[in-house]
Amino acid sequence: MQPRFSLTADLVLSREVPEAALPEIDRAVQEANTTLFRRGVPREVPDREVGRITSCTVSGPGMTITLESGGYTRAHDALFRFRKHLAGLLGRHRIGIREIEVRDYLIELQGEIPEDLRLSTLPFVREVGIGEGRITLALSVSAADLENRVPDRLVRLVEEKAEAAAYGGKAEHWELLYESPKRESRFREDPTAEMIRRGWIKHALSRGQWIHGAQSTRLFRTFESLVVQEIIGPLGFTEMIFPKLVPWEVWMKSGHAKGVYPEIYYVSTPKTRDPAYWEEVADHFKVTGEVPVNLIRDKVDGPIGGLCYAQCPSFWPFIGGTTLANDCLPARIFDRSGTSHRYESGGIHGIERVDEFHRIELLWIGTPEQTVETADLLHERYRHLFDEVLELEWRSARVTPWFMAQEGIIGGEGTSERIGTTDYEACLPYSGDWLEFQNVSVNGDKYPRGFNVKVQSGGDLWSGCSGIGLERWTAAFLAQKGFDVDAWPAEIRRRFGDAPEIFRFV
Ligand code: ATP
Ligand code: ZN
Ligand code: MG
């Protein structure tokens, strides 16, 4: 979309401008329009695309300036460039610029506008107009907002929304990488139903949450020990413990703050831990037997963030703001220290799509070459594991978000073409569907950039991660192999051993 910007601002001065300074100001405006604002702009860019002052009036201890621009030296950039120039000029007359008050700011975007574009709740936007190939946004902004590049961010955001709306419900780009041999399966039930029937699991009291009994837990640990032996050990991943309560600051830097809101479990803290402050809540429960949620809502601060959604963001403050020595790369670590939580709403299904789940997260950091190489090693080892050890029917596919597919960041041979995610999917014989049970992502410099991590060599620093979902592995394995332990692949049978019965019911 083609942007145009126009801006009117009042400059509050420390005293009245003397007559003698007026011609100088006129000259400064001319100069700004012809040279100052053209600085850094390619020669071939036409004048109407470049910021210019269209009017500048002086009255008493104040000035009113109107600027217009296309995409180059945008109106607000031009304003601040001019202010600097003007400050020098007025300084020679012992006049200071006290303040800038923005009267009007108008953004106009021209281009194709998709139908269901929702712009009415954009921050700083006072009024929206949408008509024939044209969007206008009238802003309420301060000079500080302009210095914060609010108009540029709004334009970028509207463009993103327009692209997303134009792309509509089209799924992500999906490209098959590998398909395992077909496997015969005699079992054709939904494994969750069978696990419940056998008393392996029970619904917990929160939504999308299970209590895993001894057998189910043992299968999780069986898979975990396989991952340790086949992946973590041979590739030299070292265990760390990442926090599971994630403050906004982490998600701001990881980029999750751009969109994770519908799926977060939010976390709040008490306004005070003074027992007297909470006494009425406890009393209410003691008398009514109900927990007074509305009363509690008034007594907590936040939300200060949320429960772990993806595991790796919480690691990054460990090395945020540092420069890594070349010889510690590639660094390979993993976390399995706690649960992840997502509000899956109506999507909840069985043990495999739940609000509380268990995942081993592998994380690696290195040069682009090292990062891609680690991903390739992982793919190799996973393939061995799923083909030879678990004997699953599975496939892997490159999934590219639509915006990446549009930008052409797919296929090709270079390392940057490798940025993106590979999903691992297993066939579910009872439904014929495929279930994503884990993934491997090459994230490029997203995290090092977000958390300001550099490398001694001064070169590019990349990272990757792989989330191994234990519920998903279990659902996939049981769906294909059933519950006759003796018929399971030998290595799983050996590790699983005899599943203990703890509880008997009368
Ligand atoms: P889906 O499309 O199935 O919702 P996703 O793309 O949201 O998956 P990722 O964000 O890539 O999943 O998460 C990485 C891994 O975490 C998944 O491969 C899966 O193993 C696990 N996972 C994600 N969401 C859930 C869930 N609700 N229940 C159980 N495991 C999950
Ligand atoms: Zn991750
Ligand atoms: Mg999901």
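1. A polar side-chain atom of N439 is placed 2.6 Å from an oxygen atom of ligand 1; a polar contact is a pair of N or O atoms within 3.5 Å. For R353, a polar side-chain atom is 2.7 Å from an oxygen atom of ligand 1, and for E436 an N or O atom in the side chain is 2.7 Å from an oxygen atom of ligand 1. The protein buries 79% of the 590 Å² that ligand 1 exposes when taken alone (accessible areas by the Shrake-Rupley method with a 1.4 Å probe).

2. The model is predicted: local features need pLDDT of at least 70, side-chain atom pairs count only at pLDDT 80 or more, and totals for chains, interfaces and linings use all residues. Residues are numbered from 1 along each chain as its sequence is written, chains are lettered from A and ligands numbered from 1 in the order in which they are written, and side-chain values use heavy atoms, leaving out hydrogens and water.

3. Ligand 1 is surrounded by 13 residues, the closest being E344, R353, V354, E436 and N439 (a heavy atom within 4 Å). By class, this shell holds 7 charged (Asp, Glu, Lys, Arg), 3 nonpolar (Ala, Val, Leu, Ile, Met, Phe, Trp, Tyr, Cys, Pro) and 3 polar residues (the others, Gly among them). Strand 20 gives the largest share, 4 residues (strands are DSSP runs of E, at least two residues, and helices runs of H or I, at least four, numbered from the N terminus).

4. Helix 1 (residues 22-34) passes helix 2 (residues 75-91) with axes that come within 11 Å and cross at roughly 155°. Helix 1 is therefore roughly antiparallel to helix 2 (angles over 145 degrees, on a scale from 0 to 180 degrees between N-to-C directions).

Key. A polar contact is a pair of N or O atoms within 3.5 Å; within protein, one must be able to donate a hydrogen and the other to accept it, and residues adjacent in sequence count only if both atoms are side-chain atoms. Angles under 35 degrees count as roughly parallel, over 145 as roughly antiparallel, 65 to 115 as roughly perpendicular and the rest as oblique.
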